[in-house]
Amino acid sequence: MKPIKKICSRCILDDTIEGIEFDENGICNFCSIHNTLEMQYPLDDIGKDHLKKIVAQIKKDGRGKRYDCVVGVSGGRDSTYTLYMAVSLGLRPLAVHFDNGWNSETAVTNIHHATEKLDVDLFTVVADWEEFKDLQRSFLYASVPDADVPTDWAIYSVLFKLAAKEGLHYVIQGHSFRTEGTSPITWTYMDGRYIRSVQKQFGKRKITSFPIMGFWDLVTYIGIRRIKEIRLLEYVEYNKGTVDRLLSEKLGWTYYGGHHHESMYTRFFQSYYLPHKFGIDKRKLEYSAQVRSGQMSREEALEKMREPYEFDPGIVSYTITKLDLTQGEFETIMKLPKKSFLDYPTYYPYINLFRIPVKIACRFHLLPPILAEKYLKKDSAMKCLPGKNAS
Ligand SMILES: [Zn+2]
C-alpha cells in the first residue's frame, strides 16, 4: 500500500488517491467540487424556492397519471428518507427496488415497512441469479476497484426504463454530496459498454436479462422521453443522526451498520475486498463529505479512520460460497494484478472527446446528474491519471 504523504487541509482525503490535486492552501480538488455543488444546491431561500418549483413541476407533469415519479429504494437510509421526503412533499411516487440477491433481511424489512406506512406502491425487479452471479465473478476476475458497479448501473437502468414505461418524467434518487461526497473516478466508473466488455472477456454466459442501459438508451430516455434525474436530498439539510431517529419513529426503519451495508455484497466489498486488495477505504469519502458539510470535525474523522473498518468475519466465506468460488479461486482473485476501467473498452473515450461541450452543458445546468456526477465532476481527477491512455 502507498504511504500517505499529504492530507487535504480541509477534509481527510489524501495523496494515495490517484488523481487528487491540492491547491496552494493544501485543499483538494474534491473539496472544490463540494463548493461548486454547494453553490448549485444552496440551503438558503433560493434553494428552498428551487425545490418548491421542482416539486410543483413534477406534480403538474404527473396530472392524470397513476404516479408522478419513480423513487429507487434499497432499504438504506438515503433512499428511505428520499421516499419519505417525496411523500411529505405531496408527490405520488412508485417505489422501485432492484433485488440482486444480496439483500440483508434488515433491508427487505425496511423497504416493506416504509412502503406500507407511506402507502406507496412497490415494484421489485429481481435479477436472474445465475446470470448476475456470473457477471459478479467476471468483475472480480477483471480485478478492478469498481467491481460493484453492475448493480449501480442496473438500478439506473431499471429506474429509467420504468419511468419511460409509465410515461413519467422524473427519476428520484437518494444521493447527497453532503453525506456521501464524490467518488474519485479511479475508484468508481460505470457505463453499459464497460459492463458488457468485462462480461465478454471473463463471463461464461451471455447477458440476456440483466438490465444494462446502453449509451443510446440513455440518450433516448433523456433526450426524447425527457426523463430527468432529481436528487431531493441535495436540496435539504441532511444529518444522518436526525434522519435515523425520524425514520425509526415514523417508518420503523432499522440501521444495518456501515455505509450501504444494507447489501451483503457491499458489506464484503467495502469492508474486505477494497481495503485488502486495493488499499481503498471508502469511509474516507463519507467522513470527508461530512467534514465539509459541518456534520463532523476533521479531527473526529481522522480519529475514526484510525479504527479498523468494521468487519464481519463470516462475510468472506459467505461471499465465496454464494458466488460458487473455491477458496483457491478466491485467493487467485485477490492476487491478480490490479487494473482499472481504463484497461477495458468503455464509453469513456467518447466522453473525453466531447469534454468541452459537456463542460459547457454542466456550467449551464443542462447536464443531468447521472452524467454530471459520473463523468464531469470526476474530470479533474482524470487528467492526471498516470501512464494510462484513455483513448
Ligand atoms: Zn479536501
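Select R226 to begin: with 10 C-beta neighbours inside 10 Å, R226 counts as exposed. (Buried here means 20 or more other C-beta atoms within 10 Å of a residue's own, exposed means 12 or fewer, and partly exposed is in between, with C-beta atoms placed from the backbone.) You'll find R226 in the loop between α9 (215-224) and β5 (228-230). Although R226 is not a glycine, its phi is positive, about 55°.

A word on what you're looking at: this is a predicted model, where local features need pLDDT of at least 70 and side-chain atom pairs count only at pLDDT 80 or more, while totals for chains, interfaces and linings use all residues. Residues are numbered from 1 along each chain as its sequence is written. Helices (H or I, at least four residues) and strands (E, at least two) are DSSP runs, numbered from the N terminus.

Next, pick D119, in the loop between α4 and β3 (122-126). Buried or exposed, with 7 C-beta neighbours inside 10 Å? D119 counts as exposed, because of that neighbour count of 7. D119 is also a residue other than glycine with a positive phi, near 55°.

Now colour α3 (residues 77-88) and α4 (residues 105-118): their axes come within 11 Å and cross at roughly 5°. That makes α3 roughly parallel to α4. For the wording, angles under 35 degrees count as roughly parallel, over 145 as roughly antiparallel, 65 to 115 as roughly perpendicular and the rest as oblique. Axes are lines fitted to C-alpha atoms, for helices over the stretch in contact, and angles run from 0 to 180 degrees between N-to-C directions.

Show the side chains of T80, L83, Y84 and V87 in α3, and of N110, A114 and L118 in α4, which make the contact. Two residues are in contact if their C-beta atoms, placed from the backbone, lie within 7 Å. By class, the contact of α3 with α4 has five nonpolar, two polar and no charged residues. (Nonpolar covers Ala, Val, Leu, Ile, Met, Phe, Trp, Tyr, Cys and Pro; charged covers Asp, Glu, Lys and Arg; the others, Gly among them, are polar.)

For another pair, go to α12 (residues 283-292) and α13 (residues 298-306), which pack at about 165° with axes 9 Å apart. α12 and α13 are therefore roughly antiparallel to each other. Select R283, K284, Y287 and V291 in α12, and you'll see them meet R298, A301, K304 and M305 in α13. By class, this contact of α12 with α13 has four nonpolar, no polar and four charged residues.

Then jump to α5 (residues 129-142), whose 14 residues should span 20 Å at 1.5 Å a residue; its end C-alpha atoms are 20 Å apart, which agrees. (The expected span is 1.5 Å times one less than the number of residues.) The buried residues of α5 include F132, L135, F139 and L140.

Last stop: zoom out to the whole protein chain, with its 19 helices and five strands. Of its 391 residues, 41% count as buried.
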